[in-house]
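Student: I have a new structure open and would like to learn how its parts get their names. Could you take me through it?

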Amino acid sequence: MPLIRTIQIDPETRLGVWSIEEPESFFRERVNISPGIHHPHKRLQHLAGRYLLVTLFPEFPLEKIKVSESRKPLLVCDSFHFSISHCGDHVAAIVSSKAAVGIDIEEVKDKIERVSHKFLSPSERDFIDPRHSLAHKTICWSAKEAMFKWYGLGSVDFKENLILQPFVYQSTGFITANFVKPDSNTRLYLQYIMENGLCLAWTHPV
């Protein structure tokens, strides 16, 4: 079973990371959904993500997932809050029965450096460690993606609305952040892990 990481955050919240090595048939036999996705790899990612949800919480009602206008998958019954992220052959998910969550998994790639000016404010660029610039910026991007998914309503400026407090680069750590919009001004707490060229970041109820 390629469930490569699970974290029990609290009694109501769990996350997991799955390395996809199985064929599509493996997930189709276990997840009774029809994703309606034509691209084979995207369909495989989709099925693996849904399977990970029920791996974390076997009672998760997959059949009740709907997609909102902002393209965020959610449960209309609110029995669970969840977030899913895909990256190549990896899928990550976080599930909580008590409040909104967000997760992101990213590869450390040069494209992050090229677009960093679009998502990092001047004050955020000031705390980037020049010795680990790409990795540090990848953590920032992944953290902001997790915040974006936590919010779930779209229309977010990553530079203006998602504000990270300074943090020192290391392979695992914590980040304090502020989500600032007219309809929501919230302090968020995130955790991240950098391992084997992948960054995993998430935010969860405190």
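Tutor: Here we go through some strands, a helix and a record entry. This is a predicted model, where local features need pLDDT of at least 70, side-chain atom pairs count only at pLDDT 80 or more, and totals for chains, interfaces and linings use all residues. Residues are numbered from 1 along each chain as its sequence is written, and side-chain values use heavy atoms, leaving out hydrogens and water.

Student: What makes strand 1 and strand 2 a pair?

Tutor: Two strands pair if DSSP finds at least two bridges between them; strands (E, at least two residues) and helices (H or I, at least four) are DSSP runs numbered from the N terminus. Strand 1 and strand 2 (residues 13-19) have six bridges, in the antiparallel sense, so they pair by that definition. Within this pair, Gln8 stands opposite Arg14.

Student: Why are strand 1 and strand 5 called edge strands?

Tutor: The open sheet has four strands in the order 1-2-6-5, paired antiparallel. Strand 1 (3-10) and strand 5 (81-87) each pair on one side only.

Student: Where does UniProt place the "domain: 4'-phosphopantetheinyl transferase" feature?

Tutor: The unreviewed UniProt entry puts that feature at residues 100-160; positions follow the numbering used here, feature names are shortened, and annotations may be inferred rather than shown by experiment. In the model, this span is 56% helix and 10% strand.
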